[in-house]
Structures are given as C-alpha cells and as structure tokens.
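Trainee: Could we take a close look at the aromatic rings in this one? I'd like to go through them slowly.

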Amino acid sequence: MKTFILVTDSYPYDGAREHTFLDPEVNILSSLCDLHIIPATNQGNFCANFQNVRVVENFSLNNNWFKLLFYSALCFFQKELWLAISFFILRQVRFKYVLQVIAYYYKACIFRDFLDDYIRLNKLKHVIVCSFWFSHYSFGAGMLKLNVPDLTVVTRAHGYDLYEERWDSLKIPFRRQAISFIDAIFPDSEAGLQYLGLKYPQYSTKFHVGRLGIASRNIVTQSSSDGVIRIVSCAYLVPVKRIDLLARALGVLSRRYPSQSVFWTHFGDGPERPLVESIISEIKSPKIRCIIVGEVSNNDVFTHYANNPVDFFINVSSSEGTPVSVIEAISCSIPCIVTAVGGNVEVVDNSSGVILKVNFSENQLVDEIIKAFNDRNLYSIMKNLSFLKWKKFYSAENNYKKFYDFVHSI
C-alpha cells in the first residue's frame, strides 16, 4: 500500500473552509492508501471525523527563524527574484510582488525540509505527495523530488492558485519551475486544463482534469408550489462573487414584476456583507424577502435543501474554478443560473440550467429567472438533467477513485 501525503491549508481544521471540498475525498482515499494529512495551519476547529488517517500537527512556517532568514537571503540567487525586481522597476509592478517572490521561495524551502525530515524519520516508502492547492507547498515538494527521484509529486489546482490574472502582479512566482518539477497537475475543470495548456504548452502532458466530487445525500429538493420564486446562493462575500449584483437584480425584479414574490436565502459571510445588506434595504417591496444566513456548515446547507423548496441556485461570480456549491445544488436536482466563467459552464449547461454572459445586466438575470420559472415543462427538464449531470461527472465515489488510480500509476 502506498503512502499518500495530502497537503492542505488547514484541513481537517476549518480555518480555510476546505472541509466542503475535502471530506468526500478523504473518506475515499483513506480506504485506498496509508493517508497522512499535513495542514499548513491548525486554525479553527477540528472538523473531520475519520479513521485510518494520520494528521501531522507539528508543521509551522515560523518555528525556525534562522531558516526563514537564510532562505530569504538565498532567494537573491534566484533568477525569479531579479525578474520581479525588473518588473517593479520597468513595468511599475508594485514592490509587494518582490516580497511575494521572497516569501513564496522561503515557504517552499521550509516545507521541502519538513517534508524530507517527515518521510525519513517515519521511514515512509512509495510516497505520493499531493497538495490540494497549487501553491508554494507544491513547489517545495517538487524541489524535494529533485533529490528524491522516486517521490511522486502531484497537485490539484482550482481558482486563485491557478489563474495568474487574479494576482496583482498577473504572475505566480516560480510557476514554470514548479511545473517542471511536478509529475502531474490536476486543474478541476476543462477550462483550467485549457488555460494551463495554452500558457505552458511544453508541459501539456503533465496536465489532467481532476474533477471535484461530492457524495450523494439522497436529497431531491422540491420546487415551489405556491408561486413564490425561492432562490439560494452560497458564497464568501467578496467582490469576485458579485453577490451585490444579485441583490440589485432582485430590486429590478420588484419594479418590473411587482406582484411576483421572491424569497432569497444566502449562505456565507464576508467583507461585502454591509454592501449587500444596504442594497437589500433599498428594496421596498414586501414581495421580496432576503435573508443572509451567514457562515454555516456544509450540513446546514443540505438540511435547507432537504427541508425547504428551492427553485434556483444562483452563482454570478466574475471568476471561478469549479464551485462546489453549484455541484451540491445539482446533486439535489436544483437548476442553477451561473455566469460563463471557469468550471461553471461544465457543471451547468443550457439544458440543465441557465448560463449568463460574464457581464450580464440585472435585467437579463431577471428575464432568465422569470422565463425559467414560468415555463414549467422547461423547468422540469432542468431539474432532471441537473441531477444526471452530477451523477455522470461529479460523483465523489467515481471521481476520487479514478484520481487515486491515475496518480498511483504514475
């Protein structure tokens, strides 16, 4: 049995809110291999309940200040840093990018050393290292592979860790080197695969789609039978999620269709909550009810789907990896209205839901909601096809078993 080391931001602690993604994967991997989890931090509460898994709790980036200073100094011998300095001088890139390069490098080196010690001290054999995020930990594990050729190193990739345009500098430090060191990279969507292939075509054989998945909850969410349109959204309230646009659209709907009742429930919190609440407060119609529930557990969302009618799940992000919240919705036969970004267009298509242009208008969103809700035959087809899409492409049992088998074969 191979040893599988999974590197996370904080899982099985809930500081980085990774349990939504990782619970199904860990449950399956733990039955297939000797599974070890290295969380970068132990922030938050321990949120997992599993057996046959070893959680490594003594890793820290800050427990050796000598190494931190040493590797920061060593970074000045790296070409990547001097490129960053030239970008800062010639292209007016913020100096913060230079500091990001230094931090990225020393974090990778510290993790490389920790991983090396951990494998040797525990006498682990046939080791696969998988980082859930394509980050400095992936880079550090790849650096170790240079000295330990029989080590298998792979990484998943999602959104901010994949699309370099999301960075202020439009560049992720040491990306080309990291790809050259690593055995395989698994973006969670076809869009991510195409992005990497176009940006780094010389490494295209290393790129493979690694779709996320969720386990079936055996929930078939009912649609409304009283004429009320019930909408759910689920997102951290930050600008990229654009929940304020959904709130504005409901204001438009209240004016264009004053007799139409809508009940919107949002799960999630974040820095844009005051903005969203201020937009909601300007909707004067008693027909529009909006509730921001705040941060809740994954189980709470499914409980809502099991016990309440939901007509649409809406995601209006300007950028996405593969949103697990949308996968969860389709697993419960909820039609989704999403923007045409990232993995959205793979989880949802125009037969199972509605795809909006990235720069949609509030009127366009309103039109799509009303059209899909009023055409009951179309709506029924959407419900059925949503579930079938989950079953075919996003079943945790299928996806994670295939992922492990593929990695095991490298």
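Predicted model: local features only at pLDDT ≥ 70, side-chain atom pairs only at ≥ 80, totals over all residues.

Mentor: Zoom out and the structure holds 25 aromatic pairs. Take Tyr 105 and Phe 174, which form a tilted pair, with 5.5 Å between the ring centres and 35 degrees between the planes. This pair ties together distant parts of the chain, 69 residues apart: Tyr 105 belongs to helix H4 (residues 96-121), while Phe 174 is in the loop between strand S5 (152-157) and helix H6 (175-181). Tyr 105 counts as buried because its relative accessibility is 5%, and Phe 174 counts as buried because its value is 2%.

Now have a look at Tyr 160 and Trp 167, a stacked pair at 5.1 Å centre to centre with 10 degrees between the planes. Here Trp 167 is buried, at a relative accessible area of 11%, whereas Tyr 160 comes out at 45%, so we call it partly exposed; the cut-off for buried is under 20%.

Arg 289 places its charged end over the ring of Phe 263, 4.2 Å from the ring's centre. Over at Tyr 379, Arg 376 lies over the face of the ring, at 4.6 Å from the ring centre.

Terms used: Residues numbered from 1 in each chain as written. Heavy atoms only, no water. Phe/Tyr/Trp six-rings, centres within 6.5 Å; stacked < 30°, edge-to-face > 60°. Helix = DSSP H or I, 4+ residues; strand = E, 2+ residues; numbered from the N terminus. Buried < 20%, exposed > 50% of the residue type's maximum accessible area, 1.4 Å probe, protein only. Lys NZ or Arg CZ within 6 Å of the ring centre and 35° of its normal.
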